[in-house]
Amino acid sequence: MPKKVPMRSCVGCGEVKEKRMLIRVIRTPEGVVRPDSTGRANGRGAYLCPDPACVAKAEKRKALNRAFACEIPHEIYEELRRQLEREGPPGGAADE
Ligand SMILES: [Zn+2]
């Protein structure tokens with residue numbers, strides 16, 4: 001029997017994937033939205049594919065605005081996209 005892995009859906013494309021394949025984005029209590037590289041930071045989380053295209057889709061759908069119940073400025077999405085371009089897909093090194 002296959003081991004049960006946690007699944008999450010990307011707020012950009014809506015695809016359901018293994019949680020470890022997605023980037024967790026959090027909104028800190030200070031109101032800062034940023035990628036959570038540890039996957040363990042406190043705060044509300046949303047998940048995105050490590051793909052700048054999904055960040056663009058999320059912005060078009062205002063997905064993070066909904067996920068965090070607040071207005072997310074364009075700059076935040078831009079910053080996320082830049083970080084994804086820089087970091088690429090998660091290697092899973094820091095996970096579990
Ligand atoms: Zn996606």
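Met 7 is partly exposed in the predicted model, with a relative accessibility of 38%. This residue is found in strand E1. Together with Val 5 and Val 16, Met 7 makes a nonpolar surface patch of about 240 Å².

A zinc ion is coordinated by the SG atoms of Cys 10, Cys 13, Cys 49 and Cys 54, at 2.2 to 2.3 Å. The angles among the 4 donor atoms run from 103 to 114°, and the site is tetrahedral. For comparison, the ideal angle for four tetrahedral donors is 109.5 degrees. Along the chain, the donors of the zinc ion have the spacing C-x2-C-x35-C-x4-C. Cys 10 is placed in the loop between strand E1 (7–9) and strand E2 (16–18), whereas Cys 54 belongs to helix H1 (residues 52–60); the pair therefore ties together parts that are 44 residues apart in sequence. Both Cys 10 and Cys 54 are buried.

Salt bridges were then examined. The search of the whole structure finds 4 salt bridges, among them the pairs Asp 36 with Arg 24, Arg 20 with Glu 18 and Glu 78 with Arg 81. In the salt bridge between Asp 36 and Arg 24, the closest N and O atoms are 2.7 Å apart. Asp 36 has a relative accessibility of 5% and counts as buried. Arg 24 has a relative accessible area of 13% and is also buried, because the cut-off for a buried residue is under 20%.

Arg 20 forms a salt bridge with Glu 18, and the closest N and O atoms of this pair are 2.9 Å apart. Glu 18 is partly exposed, at a relative accessible area of 25%.

A further salt bridge joins the side chains of Glu 78 and Arg 81, with an N to O distance of 2.2 Å. Both residues lie in helix H3 (residues 74–87), where they are 3 residues apart, about one turn of the helix. Glu 78 is partly exposed, with a relative accessible area of 25%. Arg 81, by contrast, counts as buried at 18% relative accessibility.

Backbone geometry was considered last. Most residues other than glycine have a negative phi. Lys 62 is not a glycine, yet its phi is positive, at about 50°. Lys 62 lies in the loop between H1 and helix H2 (63–68), and at 48% relative accessibility this residue counts as partly exposed. Ala 69, likewise not a glycine, has a positive phi of about 50°. Ala 69 is situated in the loop between H2 and H3. At 63% relative accessibility, Ala 69 counts as exposed.

Conventions:
Residues numbered from 1 in each chain as written. Predicted model: local features only at pLDDT ≥ 70, side-chain atom pairs only at ≥ 80, totals over all residues. Heavy atoms only, no water. Buried < 20%, exposed > 50% of the residue type's maximum accessible area, 1.4 Å probe, protein only. Helix = DSSP H or I, 4+ residues; strand = E, 2+ residues; numbered from the N terminus. Donors = N, O, S within 2.8 Å, 3.2 Å for Na, K, Ca; no water. Tetrahedral: all angles 85-135°; square planar, octahedral: opposite > 155°, others 65-115°. Patch = residues over 30% accessible without salt bridge, like charges linked within 9 Å, V, L, I, M, F, W, Y side chains within 5 Å. Areas by Shrake-Rupley, 256 points an atom, 1.4 Å probe, with all protein chains shown as cover.
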